[in-house]
There are 2 protein chains.
Amino acid sequence: MTTLKELAKLLNVSISTVSKALSDSNDIGAKTKKRVKEAAELYNYKPNQMALGLKNNQTKTIGVIIPNILNHFFAKVLFGIEKAARQQSYDTIVCISHEKYANEVSSLEVLTNGRVDGFIMSLSAETLAKEHVNHIKTLKRADQPIVLFDRVTEKLDCDKIIIDDQHSMYEATKQLIENGRKNIAFVSNITNLEIGQLRLSGYQKALKESDISFDENKILKLTSIENPHQSMIKFLLSQKIDAIVSADNTSGIMMINAAKDLGFKVPKDIAVIGFGDKETSYLTYPQLSYIDQNPEEIGKTATEILIERIEDKNQKHKYRTIKLSTSLTLKATS
Amino acid sequence: MTTLKELAKLLNVSISTVSKALSDSNDIGAKTKKRVKEAAELYNYKPNQMALGLKNNQTKTIGVIIPNILNHFFAKVLFGIEKAARQQSYDTIVCISHEKYANEVSSLEVLTNGRVDGFIMSLSAETLAKEHVNHIKTLKRADQPIVLFDRVTEKLDCDKIIIDDQHSMYEATKQLIENGRKNIAFVSNITNLEIGQLRLSGYQKALKESDISFDENKILKLTSIENPHQSMIKFLLSQKIDAIVSADNTSGIMMINAAKDLGFKVPKDIAVIGFGDKETSYLTYPQLSYIDQNPEEIGKTATEILIERIEDKNQKHKYRTIKLSTSLTLKATS
DNA sequence: CTGTTAGCGCGTTCAG
DNA sequence: CTGAACGCGCTAACAG
């Protein structure tokens with residue numbers, strides 16, 4: 001690490017001369033500037049961010065706490081966050097809560113030391129279930145800006161980025177109904193989450209609107225990860241089903257495979273719509289029709305909102321809840 | 001942000017008294033300690049990491065630069081890194097190069113300012129293709145420790161964590177041969193990478209050893225992401241194939257789907273082994289047999305090696321190249 | 001036992 | 001045009 005001091009000694013000038021020369025201050029003569037700049041280049045001088053941060057009381061870093069990086073959705077949100085942050089010269093520190101409240105708390109504690117300028121979070125399942133929010137309220141008391149996305153809670157007053165979970169599933173279900181499907185199943189491995197419930201209600205709303213009676217048996221709740229295909233096969237064999245909506249981003253894929261294995265034609269015999277995106281749609285054949293949550297957009301928006309708050313602390317903006325739109329992409333001819 | 005100064009003023013003692021009391025120094029009397037600690041607790045005091053970092057010339061942060069977070073392999077390595085780093089009280093800053101050399105350079109530059117104590121990297125495809133390594137040599141000159149994983153290069157002398165790409169594919173292919181397969185295809189979307197070539201050579205080695213002649217037509221190179229299934233179907237129809245090995249972590253999945261769509265039984269008619277892990281194996285049915293690179297282990301090892309170097313700068317350890325073992329998991333009865 | 005001081009690296013006064 | 005001094009928050013060496 002080359003420092004201003006080293007450069008100064010080397011050039012036989014004072015530290016502040018070097019500093020000023022590098023920032024093109026009018027105080028410094030042209031040839032001194034040139035000399036300094038060349039030396040800086042040569043020795044690969046870079047201002048120490050710790051020192052800068054200490055001085056300016058800002059880190060140019062945002063903390064991201066997500067429940068699970070192996071979930072494609074969260075990975076893609078992170079993708080969007082990193083990209084947007086970098087564009088504004090912010091770094092991104094990642095913490096993974098592994099769906100545990102305790103990890104969320106400790107990550108928060110570790111980072112609340114002037115290490116980051118603000119947080120972007122999606123709450124862990126455990127935090128949501130227990131309705132614990134004090135760890136985050138503490139943040140807010142410390143005047144740390146925070147933006148929640150996807151896994152949000154009403155118990156917290158802050159900026160939030162969400163999608164219309166109910167509506168997106170409503171649309172998907174309606175699409176299938178219009179396509180002539182009568183026996184539409186609902187599959188989910190996130191029934192324990194509020195967003196899972198919202199998606200279920202969207203499905204129910206669409207059914208109701210078309211006077212299709214809701215049948216509890218057409219709901220498949222996946223819990224353990226073990227042997228999902230077996231439960232799916234049993235489920236498919238137990239009743240007449242001509243379409244499936246999936247509330248998460250893997251069970252739609254698995255359902256297509258289970259259905260095909262049983263000899264059903266997809267989408268002719270059974271049409272499937274799940275959450276996903278272009279890339280994951282390639283994981284099945286025929287490709288899965290999908291509701292795209294536009295995770296990159298979520299990440300981008302969260303980052304922009306956060307940085308706005310960071311850089312204009314005293315802004316009187318009321319906290320906003322931004323509902324981003326999803327898109328429904330139909331694959332294959334149904 | 002509560003500071004020592006604020007606490008000191010509040011308690012009518014000096015700053016250093018507070019500092020010492022909090023670190024349980026013998027200098028301080030029991031009751032003073034108690035008073036200080038209670039106040040610190042009350043005001044939620046946390047030492048400012050910027051200040052600490054400046055003083056100790058360390059950030060307790062590691063920089064991770066990976067080509068693509070949406071690739072399950074890299075996501076899982078990051079998972080391992082974050083976990084291991086946290087255990088040693090290090091934070092993780094993530095940068096994504098998007099397979100571009102320029103992004104790699106700029107990420108490196110941004111972070112080489114006393115922002116991180118060291119780097120864990122996997123090189124972008126472009127960097128590897130162009131054989132550019134000067135940006136990293138610059139790092140090393142600045143005495144920044146660095147650990148490379150997976151996408152490494154011989155042109156750099158540093159710690160490296162890799163798997164035995166050739167051997168893992170050799171084992172998989174041999175497994176299929178022993179299973180009686182005669183017409184084994186090789187599918188890959190990473191033929192442009194050195195690790196892709198190594199995996200190909202492992203396949204070839206296994207064939208040779210069993211006196212099966214290598215047939216160029218049995219190699220399917222995927223390039224664009226568009227319509228992979230179409231090329232696969234064409235490929236499968238063009239010749240007799242009874243087994244497939246995939247050199248990456250998606251084409252094996254796609255191949256199973258393509259094969260099943262053509263009416264082949266998997267694995268009876270066509271057996272498939274690809275790179276993957278337990279979770280991704282559930283994305284197909286029957287489940288994909290997979291070579292697990294143990295990405296979490298890779299991340300963990302890389303982190304431990306890096307932190308070792310960071311905390312013992314002058315260590316005379318020669319740079320190590322650690323070859324981690326993979327595991328082959330066979331699914332379904334072949 | 002407690003307080004004062006110096007210095008980590010930086011930018012920004014303010015004097016010269 | 002240049003340099004000395006200060007302070008961000010912290011710890012450690014040194015005085016009292």
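**How chain A and chain B meet**

Modeller: In this predicted model, the contact draws on 57 residues of chain A and 58 residues of chain B, where contact means heavy atoms within 4.5 Å. Local features need pLDDT of at least 70, side-chain atom pairs count only at pLDDT 80 or more, and totals for chains, interfaces and linings use all residues. Residues are numbered from 1 along each chain as its sequence is written, and side-chain values use heavy atoms, with hydrogens and water left out.

Biologist: What makes up the area buried between chain A and chain B?

Modeller: Buried area is the accessible area (1.4 Å probe) that two parts lose on being put together, summed over both. Here that area is about 5,500 Å², and carbon and sulfur atoms give 59% of it. In chain A, M50(A), Y282(A) and Y285(A) lose the most area to chain B, together 14% of what that side buries.

Biologist: Why is the pair R115(A) and D91(B) called a salt bridge?

Modeller: The term requires a side-chain nitrogen of Lys or Arg within 4 Å of a carboxyl oxygen of Asp or Glu. The closest N and O atoms of R115(A) and D91(B) are 2.3 Å apart, so the pair qualifies. The count between chain A and chain B is 4 salt bridges.

Biologist: Which element gives the most to the side of chain A that touches chain B?

Modeller: The elements giving two or more residues to that side include helix 4 (49-56), strand 2 (91-96) and helix 12 (251-261) of chain A. Helix 5 of chain A gives the most, with 7 residues. Helices (H or I, at least four residues) and strands (E, at least two) are DSSP runs, numbered from the N terminus.

Biologist: How do you know what relation chain A has to chain B?

Modeller: Two copies of a chain are related by a rotation about an axis and a shift along it. A rotation of 180 degrees with 0.0 Å of shift along its axis superposes chain A on chain B, with an RMSD of 0.1 Å; this is therefore the relation of a two-fold axis. The superposition is by least squares on the C-alpha atoms of residues with pLDDT of at least 70 in both copies. In chain A, the C-alpha nearest the axis belongs to I93(A), 2.2 Å from it.

Note on methods: Chains are lettered from A and ligands numbered from 1 in the order in which they are written.
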